[in-house]
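Subject: Handover of a structure and its description

Dear colleague,

Please find the structure below, together with its sequence.

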Amino acid sequence: MNDIRDRYDTFDPATVDHSMRWRWSMRRDGDEHARLDLVLGAGEDPDKTLEERLKAALGAGWEPDCRRHEPTVRLPYGAPSSPARARILDELEHLLEAAGVRHACCVQAFPTGWLHIAMVLVDRLCRWAAEGDECTLDDVKEKYGTLRVHVYGSARVQDLADWCEEQSVARCMATGREGRTRDTGWVLTLSDAAYALHQRDRQTVERMMYPPREKADG
Amino acid sequence: MADHLDGSFDPTTVDIRLHETWGMSNPETGASVHVEWGLDRPRDEDLEGQLEAFFPDPWRHRYKWYRPVERLPPGAPPPEWRAEILGGLRRRLTAMGIAGADQFVAFPTGWVWIAQVMAHHMSVWTHDGEQIRIQPIDKELGMLRCYAHDSARLKRLCRWAQCQSEERCMATGMPGETRVEDGRVLTLSDEMYDLFERDPIALQDRMYRA
């Protein structure tokens, strides 16, 4: 992965914490600002007994809000430039193939703004494949403005897929900066700047997310 | 106050509501529990006691605190405007009969917008008939400390101001961190911390230009 890192930007996927943790929340009915968040440590399993005790203590009017498996650390915002996308993805696909990860071509679906996520995914899959894990990429796609990564493999491979999906939330698909979902006729996650540009010039933003490949010479 | 000093910041539109919060954490695992009791709702001390019992050792670092519903936007007026803005606030509040308004000179440049919000509400509440007495306004451990008497809403306003000063650069109003250097505790952005290390007198001038 070093040559990719050095050539395109300073992002180093090897240093990224890919651990996940559970968040369990309750909120008071009718008051969106009243809430309890229980965030477990990385790798800890949900504690149903504790949740029941908390529910009973908070009493009527409080109700479970969500249970989420979320990254322990948010990936810093940022992304390589759009023109570098094709070469980065080709190199990532090559690394996956060399590591024996099946359906490596699925990695080509990452838009520019989520390339750092792709780089972490590939870094871990290659490492774990070398350690003997079975790793198959079944499908990678964007749906409703967030990433979907379908994998077949060990528990840590499944967790890694969850990590990738969660990191795509609120991350601009064009620039990797902070964003939110926008209904443009197609639900996309875009930063304010990318969304403003999309309203003026939809095609440019589409080319930032998924730049067309240059045709081969001859 | 001169028009040019108003800048783009409008203290009358700032939300001064607070969440009362409670929480604990487990330093060994990084786990945490955090409760927000709701907009301007008082905390439930009995319930907090019950919750605490669910998190025995090694859970610790229990806190009871407040969180502003909205963080003030980052920013501040230029340092050369500080004295005139604060002087204007002091004169206005004094003329309204608020005791201790001279304490407003304690605000550094990065926290002037906090001062403007406080002064706005104090003016409105004085107009409503409330008698306000400001006790020392000071900086302690990189945070604002202010006390005003004698109503619950004034105390909440002071808490709001204190919360807003957390992680707000005292020189620029940009996001900052608490820095300890030579026995001084200051909240500074990275840029202003660099300035502090290179030229502490210049930083002092940015924070407290007369």
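Predicted model: local features only at pLDDT ≥ 70, side-chain atom pairs only at ≥ 80, totals over all residues.

Residues are numbered from 1 along each chain as its sequence is written, while chains are lettered from A and ligands numbered from 1 in the order in which they are written.

Chain B as a whole

Chain B contains six helices and seven strands; helices (H or I, at least four residues) and strands (E, at least two) are DSSP runs, numbered from the N terminus. Along the sequence their pattern is β-β-α-β-α-α-β-β-α-β-β-α-α. The radius of gyration of chain B is 19 Å, close to the 17 Å that the globule rule gives for 210 residues, so chain B is as compact as a globular protein of that length. That radius is taken over C-alpha atoms, and the rule is 2.2 Å times the number of residues to the power 0.38. Along the principal axes, the C-alpha atoms of chain B fill a box of roughly 55 × 50 × 30 Å.

Of the 210 residues in chain B, 34% are buried. A residue is buried if 20 or more other C-beta atoms lie within 10 Å of its own, exposed if 12 or fewer, and partly exposed in between, with C-beta atoms placed from the backbone.

Where the chains meet

How many residues of chain B are in contact with chain A? There are 18, and they meet 17 residues of chain A; contact requires C-beta atoms, placed from the backbone, within 7 Å. The elements of chain B that give two or more residues to this side are β1 (18–26), β2 (31–39) and α1 (45–53). The largest share, nine residues, comes from β2(B).

Strand β2 (residues 31–39) of chain A and β2(B) run antiparallel and are joined by six bridges; two strands pair if DSSP finds at least two bridges between them. One such bridge links A:Asp37 with B:His34. Strands of a sheet pair through backbone hydrogen bonds, either parallel or antiparallel.

The two chains contribute to an open sheet of six strands, ordered β3(A)-β1(A)-β2(A)-β2(B)-β1(B)-β3(B), with antiparallel pairing. At the edges stand β3 (62–71) of chain A and β3 (60–68) of chain B, each with a single partner strand, so one side of each is left without a neighbour in the sheet.

Within chain A, strand β1 (residues 20–28) runs antiparallel to β2(A) and is joined to it by six bridges. A:Arg28 stands opposite A:Asp31 in β2(A).

A hairpin in chain B

Strands β6 (residues 177–181) and β7 (residues 184–188) of chain B run antiparallel, joined by five bridges. B:Glu181 stands opposite B:Arg184 in β7(B). Two residues lie between the strands of this hairpin, and B:Asp182 takes a positive phi near 50°.

One residue of chain A

A:Cys126 lies in helix α4 (residues 115–130) of chain A. Is A:Cys126 buried or partly exposed? With 19 other C-beta atoms within 10 Å, A:Cys126 is partly exposed. Not counting residues up to four places away in sequence, A:Cys126 touches A:Leu95, A:Leu96 and A:Ala99.

Notes: Contact = placed C-beta atoms within 7 Å.
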